[in-house]
Amino acid sequence: MEGLLIHAVVRELAGQLPLRSLGWAFPDEGTAALLLEGVGNLVLRYRPPNPILTVEPGRLGGEARTPFQRLLEARCKGRLVGLQQVKLDRVVLLEFEGEKGFVDVAPARLVFELTGRNANLMVCDLEGQILGIDRPVTPAINRFRELRPGLPYTPPPPYQKLDPRTLNPEALTPFVGQTFAQLLKHLDGVGKELGAELVRRAQLSPQTVLTAEHLPLIHRVIHSLVEQPQGRTPFSAALRASWEQEEAEALRKPLREALQRQIKTLQARLQDYRRALERLEEAKRLREWGDLLMAYGPQITPGTVARLQDFSGQPVEIPLEKGLSPIQNARKFYERAKRLEANAEKALELFPQTEAQIRALEAELKRVEGLSRDELRTESRKLREKGPQTGLRFKSPGGFEVWVGRSSKENDLLTRMAHSEDLWFHAQGLPGSHVILRTQGQPAALPDLLYAAQLAAYHSRARGEKNVPVDYTAKKHVWRPRKAAPGQVLYTQGKTLFVDAEPPEE
């Protein structure tokens, strides 16, 4: 954004100061909007490469999304009492009065550098010390000045150019005999866009060699540009389009990633099913070995390998487990073959279902990619109402939802997201899942309690055991100690149920 365009915004607001601030909004991670009473939103688009300072009508929304935005919201409070542009450079200083209250907020200065790819925004105290900055500048980035919290603010290096606001015709005399383009390079606050506008208004070519007769015309054109620079109006539509696009992508990203995770999980299951089907040949071989051992058991000498002829007369070597008789080895082969066959049978049943699920998820992913911003908002709201989309989900006999964590991070997330009056279950003294019975303070019948307890026992190291103790308590009595790893908690007021660590009946 060029200096004269910035000057037009500053000039418009400076005469109205002080202005009461009604708070900050953050339409995206690179934009801050200060709502000023009676004016609208003073929008600071501070991320490179196209920073913008403009005034937007209405009221913009958006919570602070980055640590810097949270600092900005906390430290720049009270009335806007100062708004100043350094010469016609692309640097604007905003001063805030601070406010008195339960916790006083000291006055602060906001430094906005609209310098293209080096654009930045920083919060300073009135002495100039940097309190926070969007993008710290290290010596590796800029050897002339360093910008980071704790250091005094160093402005960009000074320069000498003609100020078009105070320019008189005599100041243009040294440019007689030079081209119009050379004059444009020496005008402060005029860049490529405004330079082209000056050329258009003067109806001269950039390569026109200036004469004394040209100077009054050029002086009038420069004065008109100061009073009414062009190029401000498109910013509003461009900003809103950018915000809408960024908001839509921010809403779309978690939906897309959740679907992609589900597709990846189902594709891994398909691979498992393929391997299970491929092992049918192994099951057939194991059964043949078992049949041979049962048939020739008394004739087999002790050892680690049985060398026999199969029923077609072909030689075969059968590995034997040391310490077991041929009959016992045969039984183990039958058991392994039975498991492989059961896995293959299950794979045959689940393979088409899983493929159908993947196709449905891919179709849903395609639908999500085509949703508008408003439709994405609706989808996101529905997901928030349903709760966190992690962990396993079940329904208890009484109709309560049950969450089961599958990892330490999921355990931590589900427990934190649970209602304070939900019931929390965990196998007593054993590693395992956190299980949440979503009662939200409603009384739960014994079948519901036993259902959740059995899930906690089954999803623990006690799986398969009988009479496993499971503790439960209200979630409000569960807390994570300081510096504890995710999923590690303490709890009080617990009660204990004894259940078998088997999957509960649906």
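At 75% relative accessibility, Lys-483 counts as exposed, because exposed means over 50% relative accessible area. This value, like the others below, comes from a predicted model. Lys-483 lies in the loop that runs between strand E17 (478-479) and strand E18 (490-491). The backbone at this residue deserves a look as well: Lys-483 is not a glycine, and yet its phi is positive, at about 70°.

Is Gln-493 buried or exposed? With a relative accessibility of 59%, Gln-493 is exposed, because that class takes in residues over 50%.

Attention now turns to the peptide bonds. Which form does the bond from Leu-17 to Pro-18 take, cis or trans? The bond joining Leu-17 to Pro-18 is cis, and its omega is near -5°.

Another cis peptide bond leads from Pro-48 to Pro-49, where omega is near 5°. Here both partners in the bond are prolines. Pro-49 sits in the loop that links strand E3 (40-45) with strand E4 (52-56).

Terms used. Residues are numbered from 1 along each chain as its sequence is written. This is a predicted model: local features need pLDDT of at least 70, side-chain atom pairs count only at pLDDT 80 or more; totals for chains, interfaces and linings use all residues. Side-chain values use heavy atoms; hydrogens and water are left out. Helices (H or I, at least four residues) and strands (E, at least two) are DSSP runs, numbered from the N terminus. Buried means under 20% relative accessible area, exposed over 50%, partly exposed in between (1.4 Å probe, protein chains only).
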